[in-house]
Amino acid sequence: MILEDLNDEQKKAVCFDDHLLLTACPGSGKTRVISHIIAYELGRLNSLNRRIVALTFTIRAAEEIERRLHLMEIETSRLWSGNIHAFCLNWILRPYAGFHPRTQRGFVIIDAVKTNEILEVLLQKDDYSIIREDFKFNSPIVKIQPNGSFIVKKPTHMPLFEAYRTELEINRFVDFEHLLFYSLELLRSCPKIAVTLSGVFQNILIDEFQDTQELQYQIIFEIVTAGRGRTKVSFVGDCDQAIFSSLGGVAKSKEEIEAGIKAKVESLDLSGNYRSNQRVINYYRNFQTTPIEITARSLIRDNPGKITLNKTLKRENLADEIAKLIQQSLNQGIVEEEIGILVPQWLLILPLARKLKHLLPGVSFDASGIAPMSDSRDNLFYKIARLFLTAPSQRLYKVRQRWATEIGLELALSIGCNQENPQFSARQVLKIVNSIQSSETQADPYLRECLTNFLFAFHVKISDFPALSISFESYFRGIQRRIERAKKEGDPLPEDIESFRNFYREATGVVISTVHGAKGEEYETIIAFGLLKGFLPHWNDIIDKSIDENDVSRKLLYVICSRAKNNLHLIMEGGRTTRKGDPLEFNNLLSNLQFEYDEP
Ligand SMILES: Nc1ncnc2c1ncn2[C@@H]1O[C@H](COP(=O)(O)OP(=O)(O)OP(=O)(O)O)[C@@H](O)[C@H]1O
């Protein structure tokens, strides 16, 4: 039954009974295979205490897998899914904090907003002649070694890095990188932890393994090795879609993985593509770095579709041109949700969305990726606010339950209560959220009131818990910063609560998203613009000489083009400039590519 809608290659991957490296081209059914592996393995769990773990790159991907399992009517209480940071916090750092010198007297997890604030203060205090953007903790400048130690590649950055770490230590802060770092140290210094965890996890699946960082591999390796065969691991991904290498993502080879887990790994691949027509596939294979053949297998395989490249458009005519392309697709009977507009930078989204709404008043647009709060997805208050901002619905039923469970657990831990207490159950969390009302119309006061009342309902006074106060303030400052940044760029974000709710509405309408946000998605028509040097590749990748900017471009273009089923419209608009006023050049690869494009 579980294997019913799979092809032979997919079935083999699902039923494979050992460590697995599954590499597969876009649209070949990786997400489908992962959901089926989980369903299959949940049915085979050999003891009540055993669990399946699915590590995904984003929370959204974890939710998509859970949604598919829900559709398959699979009971998922013995599945743990989420990103590696949540995994380490939940399974390693919180339960074993007492064994690490940096966490044994308590710790506070800080988000990216707080990290940036600390760096900003340090940069003001001492003149390190480094710009803040230049220094991101998990940037190529701070490299993590296989043995878990750090290297700061630029000597000029060393004092700042040390000062930053001291600041974390004094305040008992743990940022996301240190969360992984301390987890690995715990696994290595107390081998019993890894042995215990391997006793719990029957399978660990890693989605998008090509974007996994060294530290993350080491954590997985420690657990799998400690199990001596009790924990099976499956790495699933596509090396051509590795678009997070500037954040330290590496696609390890079969041999490297075998060395890491000290066991044999079988490598399988999926070759058919069920998404795109062959012409689209042949086009994006120009950006492929691996030699894998990709054959269209869907019913639309022989469609010619439409592939265009516009090099003559001026920035001021961009919205008109995109509106024309959207209308063209709609006229062909393509529904709004099947049209995706992709951009290399989120700041390009809002101005376009505004103009398109004006030009196509009858069309709905979903630009939820630019929500002002999307920088703090791991923050507890982001999660609680998300419950206040979404209405219960059939589609979101499972997802809201999951958010509520997570919130209950996290809240109980933050205030030192027993997580098993029914007071922190998903049911109770949802009941409290549904009982709280506010008449505020602006997002900031509305959310402050709701979140404070939420805590109050749990008898929690925020000032009694420094960790909670820091997360609370950090959440609101994060929103404020994004709003201020957009204002500075001349495209202010809305601040009323209805607009905030809109960011969370069920995805309806033409989607406008960043390339990174569109990973794993598929659309009949893709329209991509801003394909210019400085955006794609990003300036940071151009400036950093250790990065091959063409390689970055190749992978981003591969991801963009492989989202399309039938139609692909690429735009390199003229008239955009750097802050100094120099014109942005066309993306190198795209402008040199010879192809018989269709007329726009
Ligand atoms: N065996 C199959 N038969 C028919 N359709 C399939 C099959 N396997 C996958 N598909 C369809 O192909 C499309 C792509 O599948 P999926 O999203 O799982 O691919 P993917 O490999 O994860 O792609 P990407 O790497 O681009 O994210 C989906 O619409 C899916 O329903």
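## Helix H16

Arg427, Lys431, Asn434 and Ser435 are exposed, and they sit on the face of helix H16 that is turned away from its buried side. The model in which this is seen is a predicted one.

Helix H16 covers residues 426-435, and its buried residues are Val429, Ile432 and Val433. Viewed down the helix axis, the buried residues of H16 fall within an arc of 100°, so they line one face of the helix. An α-helix has 3.6 residues a turn, so residues three or four places apart point the same way. The cover over the buried residues of H16 includes helix H14 (380-389), helix H15 (397-414) and helix H17 (443-457).

## Domains

The protein chain is divided into domain 1 (8-83 + 190-270), domain 2 (108-171), domain 3 (278-364 + 509-592) and domain 4 (374-500). Between the C-alpha centres of domain 1 and domain 4 there are 30 Å. In the contact of these two, domain 1 supplies 5 residues and domain 4 supplies 4 residues.

## The ligand

Where does the ligand lie? Both domain 1 and domain 3 give residues to the shell around the ligand, so the ligand lies between these domains.

There are 18 residues around the ligand, and those that come nearest are Pro26, Gly29, Lys30, Thr31 and Tyr274. By class, the shell has 8 polar, 6 charged and 4 nonpolar residues. Helix H2 (residues 30-42) provides the largest share of the shell, with 3 residues.

Terms used. Residues are numbered from 1 along each chain as its sequence is written. This is a predicted model: local features need pLDDT of at least 70, side-chain atom pairs count only at pLDDT 80 or more; totals for chains, interfaces and linings use all residues. Domain bounds come from an automatic or database domain assignment. Two residues are in contact if their C-beta atoms, placed from the backbone, lie within 7 Å. A residue is near a molecule or strand if its C-beta atom, placed from the backbone, lies within 6 Å of it. Helices (H or I, at least four residues) and strands (E, at least two) are DSSP runs, numbered from the N terminus. Ala, Val, Leu, Ile, Met, Phe, Trp, Tyr, Cys and Pro count as nonpolar, Asp, Glu, Lys and Arg as charged, and the others, Gly among them, as polar. A residue is buried if 20 or more other C-beta atoms lie within 10 Å of its own, exposed if 12 or fewer, and partly exposed in between; C-beta atoms are placed from the backbone. The arc is that of the directions from the helix axis to the C-beta atoms.
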